[in-house]
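Open the model in your viewer and keep the sequence panel beside it. The stops below go chain by chain.

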Amino acid sequence: MSGLKAKHQRLVLIVIALVAILGAGLLAAWALRNQANYFYLPDQLVEAPPAPGQPVRLGGMVAQGSIRTLSDGVTVSFVVTDQEAARVPVQFSGILPDLFVEGSGVVAEGSLNRDGVFIADNLLAKHDENYVPRELQEISQHQAARMAEETTVGLE
Amino acid sequence: MIAELGLAALWLCAALAVLQLIGGALAQRRDTASGLAAMVRPAAMLQGLLAGLAFACLLWVFAVTDLSVKLVATNSHSLKPMLFKLSGAWGNHEGSMLLWVTVMALAGGLIAMVEKRLPEKTMQATLAAQGFVAIGFYAFLLISSNPFERLAVAAVEGQGLNPLLQDAGLAFHPPTLYFGYVGLSVAFSFAVGALLTRNVTPEFARVMRPWVLGAWVFLTLGITAGSYWAYYELGWGGWWFWDPVENASLMPWLAATALLHSVSVLAARDALRTWTIMLGVVAFSMSMLGTFLVRSGLLTSVHAFAVDPERGTFILFLLAIYIGGALLLFGLRAGHVREGERFQLTSREGALVFNNVMLSAILGIVLLGTLYPLLTEAFDVRVSVGPPYFNPVGAIFTIPMLLVMAVGPLLRWRRDSIERIKLPIAIVTSIIVSVAVLAALMGDIAVLPLLGLCVAIGLAVASFLPLRGRNLLRVPIATWGMVLAHFGIAVALFGMASDSAFTKERLAALQLGEEVTVGDWRVTLDGVDPVAGPNWTAMEAQVSAWRGSGAPILLLPQSRNFWAPPMQTSESALATQWDGQLYAVIGNRTEDGRWQLRVWWKPFVTFIWYGGLLIALGGALAAIGRVMADLKRRSVRARANSRRTERRAKGFA
């Protein structure tokens with residue numbers, strides 16, 4: 001009798017623990033699937049924009065000639081692009097990362113406002129010359145390949 | 001010469017670790033102790049000594065800046081201050097791995113020297129496990145990252161150290177975390193030893209407990225210090241970014257917290273035997289995974305300094321062997337561990353089981369969130385997982401856990417009833433509800449900070465309830481430790497909630513002499529001057545801040561330019577008051593000659609780190625209390641034994 005009961009308690013504990021941990025896992029999986037929309041490239045943001053106010057990350061290149069400082073001295077507006085048609089206007093109020101220049105890669109954290117301007121709360125740019133945000137590493141390689149292709153077109 | 005001595009010591013250490021493994025393994029096979037088995041303890045002690053020597057050699061080559069050693073040439077600079085030359089020894093990949101094994105070898109030597117409570121076979125199995133883990137790390141060091149490698153031609157000057165790492169606080173941050181990781185490796189070895197020799201007893205739990213407590217204290221300190229460092233050094237005003245490197249230290253902490261509580265149940269009540277072993281394996285796996293995540297560079301991180309995928313593969317391999325091996329052993333042997341004592345759900349054990357399950361769930365959530373970007377990468381989808389995932393999902397499990405933590409210590413072991421602790425539950429509930437109502441009336445506070453505030457205040461009161469009606473002078477030190485640690489959790493939580501609920505921020509471009517307000521502070525930019533340090537130049541702003549009619553406080557935020565390697569950083573300036581911190585960062589100069597200034601007023605933000613310190617202090621008190629109680633028990637037993645022999649001698653006479 002007591003042996004049965006002992007087994008019983010062990011089993012109950014194991015089941016409770018499993019249920020809780022599985023529950024956590026499922027909850028995490030569900031939340032993460034929603035997060036799959038967290039990182040956007042400029043063309044994705046233009047094609048299927050997230051709801052205004054939804055926090056997302058936008059990664060791309062700072063378009064040449066697009067950085068402007070507004071009159072308050074602390075708000076900067078620029079355009080993030082994938083070097084193609086997609087261009088997303090971005091506004092950022094804050095102190096710019098040290099190596100934030102036109103033509104460099106950037107990851108902006110923030111959300112779209114109702115006018116389609118991306119309001120960035122935070123900019124992740126290169127910390128130093130060796131650091132590139134991981135999300136951007138492949139983009140730049142990709143881009144470099146494409147640009148190389150374009151410049152060699154017609155040379156054959 | 002010194003470098004070669006260090007390398008030789010390392011090779012000897014590796015050989016001793018092999019001896020330790022073989023000797024310990026043979027001791028399990030035979031009934032009589034073989035000659036090799038007797039060597040296990042001395043081998044562990046000698047290994048500790050030699051690893052210490054190897055690390056001393058590394059410190060020496062860094063102290064004298066021996067530029068013929070590759071590691072010194074790439075990471076140090078003759079102009080660097082002495083403190084940073086020394087901390088440079090472990091501020092890089094090879095050196096930090098050497099520190100890892102050194103601490104592990106020293107810990108192994110220490111248990112070989114002093115631990116006499118467990119059966120000798122269990123000890124030998126434990127030391128064999130310790131040796132087995134060490135072998136992997138020695139192989140890693142000697143094959144793929146030799147810290148003593150020489151250059152064919154000595155460098156003329158070192159390449160410097162990442163200026164972000166040139167900080168006194170950071171000099172002691174990685175070693176603290178490593179002490180924690182290594183303490184968990186000892187707990188792991190004990191778990192493996194106990195599992196191998198089928199000796200999962202309360203005595204085993206008592207032997208393992210100080211190591212778990214110690215590891216937990218160091219991890220707590222490491223995380224607290226790391227968070228404060230990120231807070232003032234990165235200049236973003238945040239103190240936790242759910243960054244992979246931060247998660248890498250949080251996951252072992254969560255596992256260690258669970259282990260710490262289950263080990264207490266095992267020691268006091270002989271229950272939760274298998275679960276404790278399992279947690280021992282998980283906790284160490286998490287520290288290995290942490291090292292792997294930090295060192296492999298597989299994940300994006302704001303703290304990504306030393307990264308090398310090849311080495312990551314090596315650590316991944318080690319990880320697979322150790323975690324896979326330990327889980328296999330667990331699977332094979334767990335069935336042989338006999339069921340422990342039973343208990344009712346409403347009991348101290350029940351509350352601790354709840355705590356353990358919730359902690360495991362949180363651990364799972366953090367683990368999945370940290371690894372998820374890696375998984376999706378395999379399917380060519382780029383994902384970043386950030387606070388919008390971790391905060392709400394984590395809170396779902398954290399809040400119930402904290403609520404049970406408020407009343408759990410009031411429950412009795414084995415069986416109890418909610419009825420008996422009705423009054424304290426009513427008190428805590430009414431505090432939580434009234435704070436919630438007050439805060440909701442005060443204004444617009446988001447849900448999570450609001451919940452955080454009321455749980456924190458309720459918990460702060462509840463954490464002292466276990467002392468109710470007791471003679472304070474006779475409360476055991478370990479109980480004080482628990483009370484302080486739980487109170488520390490409440491304090492830290494209050495700081496976090498207050499920071500996210502009440503922070504005021506102001507960003508402006510100012511002319512010299514211009515004033516802005518933030519919260520109830522008035523802030524003036526008085527001037528901006530160039531200044532120079534040993535290896536940097538900077539623009540330094542003089543900022544005065546007033547509050548009411550008080551005297552002005554001078555803040556000196558800097559924007560620094562380092563030249564080896566070239567890099568720009570912002571040095572924030574902090575003014576600490578009892579009720580919060582004023583935080584200032586100077587930015588760039590605008591085209592029309594104004595300066596960007598960013599100022600935060602963060603009410604009670606400092607409580608986050610005070611809380612962390614309280615938790616660590618509580619853990620340390622608990623460890624001291626337990627060790628002292630053990631020593632006392634030992635001396636009492638020894639005295640009783642000697643009295644008995646005396647009496648027997650008299651009787652025979």
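**Chain A**

Select chain A: three helices and seven strands are there, where helices (H or I, at least four residues) and strands (E, at least two) are DSSP runs numbered from the N terminus. This is a predicted model, in which local features need pLDDT of at least 70, side-chain atom pairs count only at pLDDT 80 or more, and totals for chains, interfaces and linings use all residues. Residues are numbered from 1 along each chain as its sequence is written, with chains lettered from A and ligands numbered from 1 in the order in which they are written.

Follow chain A along the sequence and the pattern reads α-β-α-β-β-β-β-β-β-α. Of its 156 residues, 29% count as buried (20 or more other C-beta atoms within 10 Å of the residue's own; exposed is 12 or fewer, partly exposed in between; C-beta atoms are placed from the backbone).

**Chain B**

Next, select residues 120-144 of chain B, which form helix 7. Since 18 of the 25 residues are buried, helix 7 of chain B is largely enclosed by the rest of the structure.

The mean for chain B is 86, and 94% of its residues reach 70 or more.

Note on methods:
Expected span 1.5 Å × (residues − 1). pLDDT = per-residue confidence, 0-100.
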